[in-house]
Amino acid sequence: MNYRIYSTLTALLSTLASAVAAAAAPNIVYIICDDLGYGDVHCLNPVHGKIPTPNIDKLASEGMVFTDAHSGSSVCTPTRYGIMTGRYAWRTRLQGGVVQGFAPSLIAPDRTTVAGFAKQQGYVTAALGKWHIDFQYCDPETGKTSPHMAKKNLPPVGSTIPDGPVNRGFDHYHGFHHSGHMQAVIEDDRVVEYDEVIHMLPRLQHKAVEYLHSRTDAHEPFFLYFALSSPHSPIVPSPEWQGKSELGTYGDFVMQTDHVVGEVCKAVEELGMSDNTLIIFTSDNGCSKAAGIEKLAEQGHLVSANLRGSKADIWDGGHRIPFVVRWPGVVAPGSHCDQLICLTDLFATVADALGTDTPTGTCEDSVSFLPALSGEPIASTRSGVVHHSISGHFAYRTDKWKLVLARGSGGWTSPRENQVSSDAPEGQLYNMETDVGEQHNLYIQKPEVVQELLKQLESDIRSGRSTDGPPASNDIGKVKIWKSSRQAVPNLRSN
C-alpha cells in the first residue's frame, strides 16, 4: 500500500476510534459542597439529622452511598488540589491551612489535572463556583500581577488571570476564588463584575443549568466541576429560604444547597442526559464552627452524626464526608459501599471508566473506586489513606485502624494540642470498626499497630506517592510528620 494512503487511512481510523470512544464516554457532573457535614444529609443521619435534604436523599436512593469516604484534608484548599491532581496537597508548599489568593497557582503549570486529562480524551470541560487553589490577578491597566494587600482586598474589574482554571484544563469557568473574595465574579480568565455574596449561590445554580442546556445538541461528552459556595460562611440563604428549616440560617442555607443540587439533577433528567451521565455528590470537609454547631446540637441536629469533631479536625468529623454516586446502568439504585476511599481518587476512577491509563506524573495518591460501583472490591496498591488537619497534623487510616499523630483534635475542636496534658500519649490509635466515634485511645495498648502504621505513613511520605508507579518526589525537601515532636521525614528524592 502507498505510504501516504496508509498514513491517511491510519489517521482516519485513529480519529474514528477517538470519536467512538467519546460517544461511549459518560458525561460527568461532579458536585462538591463547601463545609457540608456528614450529618447534614438527612439520609446519612436519619435520627439526628433535622435539616430536610429531599433532593440529596433522592439522589442517594437512585445511586450508591459511600459511608467511609474522606476528603484529602479537613479544610478546603488541600482537598480541592487533591481532587484536581490525584495527589495529596501536603506534597506541595502548602503544609497547613488554606491559600488566600493573589499568588501563583498551587497546581504546577506542567501538572495534568483531571480536567486536562478529560480534554485529552475528547471531553469538553467546565468549572463553576469556588476555586481556592490560588491564582494571580494582572492589573487591567499595567498588566502587572497585583499583590495581596489585605484579606478583603478585591481585584479590579477587568483584571486578567494567567493561571486560573482555564489554564489548568478547563474550557470554561465562572465563579470566584474563595469566600473572602466572593464579590469578585470571574468569567473564564477575567474579573467581569462585583456582586453581593447573597447572589452567588443562585448565580451558580443558574449557570450550571444553563451549561447543561448548552450541551444538549453537542456530540462530545462533558465534565462539569460544580463547586458550590454553600453552606460555607458567609451563611446567606436567599430571602425565599430564610426561616425554612426552623434551625436558623445554617439550616436554611443547607436546605437551599439541597435545592440547587436538585435543580441540577432535574435538568440532567429533563434534558434526557440521565442514562449517560455519572453524577458524583460530595463535600470538601466537615461542617464549620461558623454554623453554630453547639446551638444546632441543642436543637437535636448533629452536623457530624456519630463522628467526633468537625471542620479543621483530624478526627473523622473533619474529613469523612457525604459521597453519593448515581450512574444508571452501572450503579444499583439504593446501594451502599463501606469501602475506604478518598477524594483524591476521582482522577484514577475517571481514567478507569474510560478504559485508559493515567498520564505519567499524575495520580500519585489516586486509586480507582470504579469496581465498587458494581459491588466489587477496590483493587488498590495503596496501603491506607492519609488524613491531614488544618494545622498539618497527620493521621493514617487502614480498613480497621486509624493512627493520629496528635494529642488532641489537630484543629478547632477541644481539646486542641495546647489544651492536652503534657503527660498524655503523643498520639492516638482507634479501632474504627468498633469505635467510629474515636472515644477509646489504644495508642499505649497497641504499640505494634502504632509502629506498623507509622512505618507505612513514613514510607508514603518519603516515596512521593502512596500507590505503585514511577518514582515520584514531593515538592519540598522535608515533610514534618510530627508537628509537636520527633523529626521531619526527609524526601527520598529532591527536585
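The largest cavity has a volume of about 40 Å³. A cavity here is a set of points on a 1 Å grid over the protein atoms alone, where a 1.4 Å probe fits but cannot get out. Grid points are joined across faces, edges and corners, and the volume is the space filled by probe spheres set on the points. Searching the whole structure gives one cavity of 30 Å³ or more.

Before going on, the basis: this is a predicted model, where local features need pLDDT of at least 70 and side-chain atom pairs count only at pLDDT 80 or more, while totals for chains, interfaces and linings use all residues. Residues are numbered from 1 along each chain as its sequence is written, and side-chain values use heavy atoms, with hydrogens and water left out.

Residues lining the largest cavity include Trp90, Leu94, Gln95 and His388; lining means having an atom within 4 Å of a point. The lining divides into six nonpolar, six polar and no charged residues.

Next, the largest pocket, with about 510 Å³ of space. A pocket is an open set of points with protein on both sides within 12 Å along at least five of seven lines. Its lining has 27 residues, and Thr358, Cys363, Ser366, Arg465 and Asp468 lie nearest the centre. By type, the pocket lining holds 10 nonpolar, 11 polar and six charged residues. Helix 8 gives the largest share of that lining, three residues.

So what surrounds helix 8? Helices are DSSP runs of H or I with at least four residues, strands are runs of E with at least two, and both are numbered from the N terminus. Six of the eight residues of helix 8, residues 346-353, are buried, so the helix is largely enclosed by the rest of the structure. Buried means under 20% relative accessible area, exposed over 50%, and partly exposed in between, with a 1.4 Å probe and protein chains only. The buried ones are Leu346, Phe347, Ala348, Thr349, Val350 and Ala351. They pack against strand 1, helix 3, helix 4, strand 8, strand 9 and helix 9. Just after helix 8, Gly355 has a positive phi of about 70 degrees.

Ser366, one of the residues nearest the pocket centre, sits in the loop between helix 8 and helix 9. At 7% relative accessibility, Ser366 counts as buried. A polar atom of its side chain lies 2.7 Å from the backbone oxygen of Thr344. Ser366 also touches, among others, Leu346, Phe347 and Ala348 of helix 8, where contact means heavy atoms within 4.5 Å.

Compare Glu220, in the loop between helix 5 and strand 8. At 40% relative accessibility, Glu220 counts as partly exposed. Leaving out residues up to four places away in sequence, Glu220 touches Gly122, Val124 and Arg215. How far is Glu220 from Arg465? The two are 245 residues apart in sequence and 33 Å apart in space, C-alpha to C-alpha.

How values were computed:
Ala, Val, Leu, Ile, Met, Phe, Trp, Tyr, Cys and Pro count as nonpolar, Asp, Glu, Lys and Arg as charged, and the others, Gly among them, as polar. A polar contact is a pair of N or O atoms within 3.5 Å; within protein, one must be able to donate a hydrogen and the other to accept it, and residues adjacent in sequence count only if both atoms are side-chain atoms.
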